[in-house]
Amino acid sequence: MRPTTLGLARAAYLVVAALLTATLLPRLGVPGDWMPDLVLIGVVSTAVLRGPQHGAIVGLTAGWLVELVPPVGSPLGLTALVTMLAGAVAGTFRSPSSRAALRPSAALLAATVVVEAGRLGSAALAEGSVAPTERLGVLVTTVVVGLVALPALLSADRALVRRRLG
Amino acid sequence: MQQQSGRRLLGGLLAVTLALLAADLAGSPVAAAVRGGAAMVMGPVQRALSAAPADEVARLEAENLRLRGAAAARAEDRAELSRLRALLDSDPAAGHTLVAARVVAAGLSAVGGRSVTLDAGSRDGIKVDSTVVAAGGLVGRVVTVAPFTCDVQVLGSAGAVVGVRVGAAGQLATVGPPTASDRVVRRRGTLSLSFVQPGTPAVGDLVRTLGSVDDTPYAAGLLVGTVIAVDPDPSLTPTRSPGRLTRAGTVRPAVDPDTLDVVGVLVARARSVPRSPAPTRAAPPQAKP
C-alpha cells in the first residue's frame, strides 16, 4: 500500500498540531484551560468523510501521537483509546451526499465531549474528585476553532480526492 | 475488502494499545522504553520550536540557583524545628522550664571529655550551674556564662561527677569520667559508676540523676545512661581492687556528646509557695499498757 498525498498531508497536519498544542501555543501565552484541541479537529475532519471505522483508526493513531509528544502521557495509551472512541463517534456523523455546514461541527462537539468525558473519568479515578467546569473552556475553544478550521480541512481533503491524490 | 483490511488494522492497533496500557499500569520497562524513545525523537523538535533566548536561560539558571539555595535553607530550618520539637516533647524536658539553645562550638579537653558552647547566655536568663539536657537525657551543666553564650561541661569531662540513683531500687552512686583508680579499663566515651554504699548494680539498670538543691547543678530524675558492665565484686577479689569497698560499673551515657545539636538549658524556678504537709493514713490504735 503506497502512501498517498492525502495520507501524508493528514499525518503532517496531526504531527504539527500535536507539537503546536504541546510546545508552541503554551509559550505564546495560550492558557491550558482554553487550549483548542487541534489534533481532534484533524481526526474529526477525516472521520466525517470516511465513517466510524476509519475515524477510529485515525483517532487511535492521533491519540498515540499526542501521547508520545513529550510530556508523555500516563498511563500510556489511555489518550489513544479515548481519541479512538471520539473518532468513531465523529464517524457516525458521516453523510454520503449532504454538505450541511453544521454536521462536521456537531461531530466535533460530540468528539470533544467524548474526549473531555474520558479525561474527567480518568481524573476522577486517579484523584477522586473533578471540577467539570474547568474543561468547559477547552470545549468552547475547540468548537469555535473547528468552525473555521473544519471547512478548510474538508475542502482541502475533497480537492485532493478530486485530483485523485487521495 | 477495504472494509476488512481496515478492521484488521484497527484491531491490531487496538491490541497494541491495550497491551501497552496494561504494561504501563503494571510498571513494565517496555512502557518506560516507549516513553524514552518518544522523548528522544520529539525532544529536539520541541527544543527547536521553543528555542529560548540566551539571556532568559541565564536568568532562569540564576533563579534556579537562588531557589535551590532557598529550598536547602528551608529544609535545614525544618530539620532544626523537628529537633527542637523532639527536645520539647522529650522526657527530660517534662516538668521543667527550659531555654532552647544550639551548640555553636565544641572543644576537646586535654584530660578527656569535652566542653561545648551554646548560643544562649545571661541575656536569655541562663545562670551558672544550670542543668543542660538533650532529648535523650542529661548533657551536663553550665560552667561559665557570657551575655550571649555559655560554656557547658559535658558529662564525662574531668571533674564532672554526678550523684545518681541506679535501677528501680534507686541505690545511691556517683557517675563520673573514668579515673585512674578504676581497676577496669573502660571504653572511650563511657562513664564510671561507683556506689556510695554497698549495692549490687545489674547490667541494663537505668541511671538517673539524684538531684540537688534548687535543681542546680543537676535537676532530679534525668536519665544519665545505662549500666553496660559491672566490675568484679571487690570483697571477693581484694587484690584486684585495692582501696575499694563498694561495687563499680560502666555506664553508657544516654546522650552522645559527639552529636549534640539542639539542647535545652533548664531554668531554675525559685519556689514561692511552701510545701503543704501531705495527709497520711490514720495510725493504728496502740495497745494500752
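**Values and definitions**

Analyst: In chain B, 58% of the contacts with a separation of 6 or more are between residues 24 or more positions apart, where contact means heavy atoms within 4.5 Å. This is a predicted model, in which local features need pLDDT of at least 70 and side-chain atom pairs count only at pLDDT 80 or more, while totals for chains, interfaces and linings use all residues. Residues are numbered from 1 along each chain as its sequence is written, chains are lettered from A and ligands numbered from 1 in the order in which they are written, and side-chain values use heavy atoms, with hydrogens and water left out.

User: What is the corresponding value in chain A for contacts between residues at least 6 apart in sequence?

Analyst: In chain A, 68% of those contacts join residues at least 24 apart.

User: How many helices and strands does chain A have, and what makes a run count as one?

Analyst: A helix is a DSSP run of H or I with at least four residues, a strand is a run of E with at least two, and both are numbered from the N terminus. By that rule chain A has six helices and zero strands, in the order α-α-α-α-α-α from the N terminus. Chain B has three helices and twelve strands.

User: Why is Thr46(A) called buried?

Analyst: Buried means under 20% relative accessible area, exposed means over 50%, and partly exposed lies in between (1.4 Å probe, protein chains only). Thr46(A) has a relative accessible area of 1%, so the residue is buried. Thr46(A) lies in helix α2 of chain A. Leaving aside neighbours within four places in sequence, Thr46(A) is in contact with Arg10(A), His54(A) and Val58(A). Arg10(A) is 36 residues from Thr46(A) in sequence, and their C-alpha atoms are 8.4 Å apart.

User: How do you know that Val115(A) is buried, and what does Val115(A) touch?

Analyst: Its relative accessibility is 5%, so Val115(A) counts as buried. Val115(A) is in helix α5 of chain A. Not counting residues up to four places away in sequence, Val115(A) touches Asp37(A), Leu40(A), Val82(A) and Ala86(A).

User: Which class does Asp129(B) fall into by accessible area?

Analyst: Asp129(B) has a relative accessible area of 25%, so the residue is partly exposed. Asp129(B) lies in the loop between β2 (114–118) and β3 (131–133) of chain B. Asp129(B) also has a positive phi of about 75°, although it is not a glycine.

User: Why is α3(A) said to be largely enclosed by the rest of the structure?

Analyst: Twelve of its 17 residues are buried, so α3(A) is largely enclosed. Among them are Ile57(A), Leu60(A), Trp64(A) and Leu65(A).

User: How do you know that the length of α5(A) agrees with its number of residues?

Analyst: The expected span of a helix is 1.5 Å times one less than its number of residues. Helix α5 (residues 102–127) of chain A has 26 residues and should therefore span 38 Å, and its end C-alpha atoms are 37 Å apart, which agrees. The buried residues of α5(A) pack against α2, α4 and α6 (136–162) of chain A.

User: What makes α2(A) oblique to α4(A)?

Analyst: Axes are lines fitted to C-alpha atoms, for helices over the stretch in contact, and angles run from 0 to 180 degrees between N-to-C directions. Angles under 35 degrees count as roughly parallel, over 145 as roughly antiparallel, 65 to 115 as roughly perpendicular and the rest as oblique. The axes of helix α2 (residues 38–50) and helix α4 (residues 78–91) of chain A come within 8 Å and cross at roughly 40°. That angle makes α2(A) oblique to α4(A).

User: Which residues of α2(A) and α4(A) meet?

Analyst: Leu40(A), Val43(A), Val44(A), Ala47(A) and Val48(A) in α2(A) meet Thr83(A), Ala86(A), Gly87(A), Ala90(A) and Gly91(A) in α4(A).

User: Why are α2(A) and α6(A) called oblique as well?

Analyst: Their axes come within 9 Å and cross at roughly 45°. The two helices α2(A) and α6(A) are therefore oblique to each other.
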